[in-house]
Each structure stands twice: as C-alpha cells, then as structure tokens.
Amino acid sequence: MLPENEIKRVLTVTAHPDDIDFGSAGTIAGLTDRGVEVTYLLVTDGDAGGNERTLDNGGMAELRRVEQTAAAKHVGVTDLRFLGYSDGTVVQSLDLRRDIARVIRQVRPDVVITHHPERNYQFIAPSHPDHRAVGGSTLDAVYPDARNPYAFPELLRDEGLEAWTVREVWLTSGPTPDHYVDITANVDRKIAALLSHQSQVAHVTGFEESVKGRFLEWGKLAGLPEGGYAEAFQIVPTG
C-alpha cells in the first residue's frame, strides 16, 4: 500500500450521487483533512433514483446534483464532475472508458476509489449493475487506457492530455475487503453527507442508526476498540 505521505491526489469514480458517501465519505474526510486533493467523478446524475417521484427525470437529476454538491462539502470536497450518463443503463463500453481515462489524465491522481466490479452475494445492495459497470470501466481506464499514450490518441492529440499511471485503486463494497480505514473521528461527517441526499433517504426509518451499525461492524472486523467505525476496501496495486 502507498504510504500516506505519497497520496497527494485522489479521484473517486462512482455511478450515482450518494454512492461515494455510502462507501467512502469517512475516508474522504480524513484525506482532505490531511490536505489531499480529492475530485469526485459521477457517471450518472441519478435521475432514476428517489422514492417520491414528484419530479421528472430531469428535475430529479438536477436535485441530486445539488444534494451531492452539499454532501461533498461536509467532507471537504468542492471539485465535482458529472458525465451525464443515463441512470440505470450504464454498461462497460469504450466510450465510458475514454471518458473516465480523460478525467484521470486531467486530475492525475495517485489513488482512484471506485466500485468493486463483482457482485457481492453477502450484501446485494451495492451490486447495482451501474456500479459493476462503472467499477469495471474504471479499472480498464486505469489500466491500460490512462497510462497508454496510444489508447484513445485523441486525448493527447486534441486535448493535450498526457498519459498518467495511477498507483493504486481502492474498491468499495466488494466481497473480499483487505483494508480498513478508521473513520471514528469522521463518522458524523459521513452521516451528515448521507443526510444531504434527502431525496434518497428521507423515507428510511432509522436510517442513521442502520448506517452506523454497518460501519460499527466493520470497525470490529478491523480490530478497532469498542465503538470504533471503519470503512472497508480492496486495494489493487496498479503502479
């Protein structure tokens, strides 16, 4: 794993608004507190989400952008980018790989955080098909696309984006986590970020207690003292 002092820039690539907050907001808060530059890349605007469908898809997309922007501020992130793919229909494709590789070359991160591309049969909720498609496309964009100057040559030729090698990918919500981050000091910021997504969580009874319970269990798996909270990742070395 990269030493903390070698992580200067981080790019998260997720399918929908709120994905990063469920998976990694506590970790992100700790990174930004250390001065790490964090960029959020969202593949969709989440227009097919929401429990109360009083808004059309365009209105829901706009609301979810606003909610995600507010959530990001709770953990110190102000650089958010949206690709505008249609929620619920994302597939692994060359177009998506190119769009993610473009942002990797723009941001030039040391670490990319994204969805695990495999289905998690122990906990099905994070295995949305958009998540798996985004995770797989991001891994392909990291290796080989972003580092290969001959992949998507228009990125270099037309946009001046030089190749870039990401050193690690951190996968969220997969079946085989091998690294835990202590988020005890930032769990309340994580909850505040999640509560910014009112269109998604306002109807959920006991939402805060449920979320805290999940990350408290991961704290136990991480070997933290009683009452400690953790987020879980699978680390993929790519450098």
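In which hand of crossing does H1 pass H6? I found a right-handed crossing of H1 past H6 (left-handed if the near helix is turned anticlockwise from the far one by less than a right angle, right-handed if clockwise).

The model is predicted, so I noted that local features need pLDDT of at least 70 and side-chain atom pairs count only at pLDDT 80 or more, while totals for chains, interfaces and linings use all residues. Residues are numbered from 1 along each chain as its sequence is written, and side-chain values use heavy atoms, without hydrogens and water.

Entry: the helix pair. I looked up H1 (residues 19–33) and H6 (residues 187–195), which pack at about 130° with axes 9 Å apart. Helices here are DSSP runs of H or I with at least four residues, numbered from the N terminus. Axes are lines fitted to C-alpha atoms over the stretch in contact, and angles run from 0 to 180 degrees between N-to-C directions. H1 and H6 are therefore oblique to each other (under 35 degrees is roughly parallel, over 145 roughly antiparallel, 65 to 115 roughly perpendicular, the rest oblique).

Entry: the contact. On the H6 side I listed Arg189, Lys190, Ala193 and Leu194; the H1 residues that meet them include Phe22 and Ala25. Contact means heavy atoms within 4.5 Å.

Entry: the largest pocket. I read off about 640 Å³ of space in the largest pocket, a volume being the space filled by probe spheres set on the grid points, which are joined across faces, edges and corners. A pocket is an open set of points on a 1 Å grid over the protein atoms alone, where a 1.4 Å probe fits, with protein on both sides within 12 Å along at least five of seven lines; lining residues have an atom within 4 Å of a point. H8 gives the most to the lining, with four residues.

How values were computed: Helix = DSSP H or I, 4+ residues; strand = E, 2+ residues; numbered from the N terminus.
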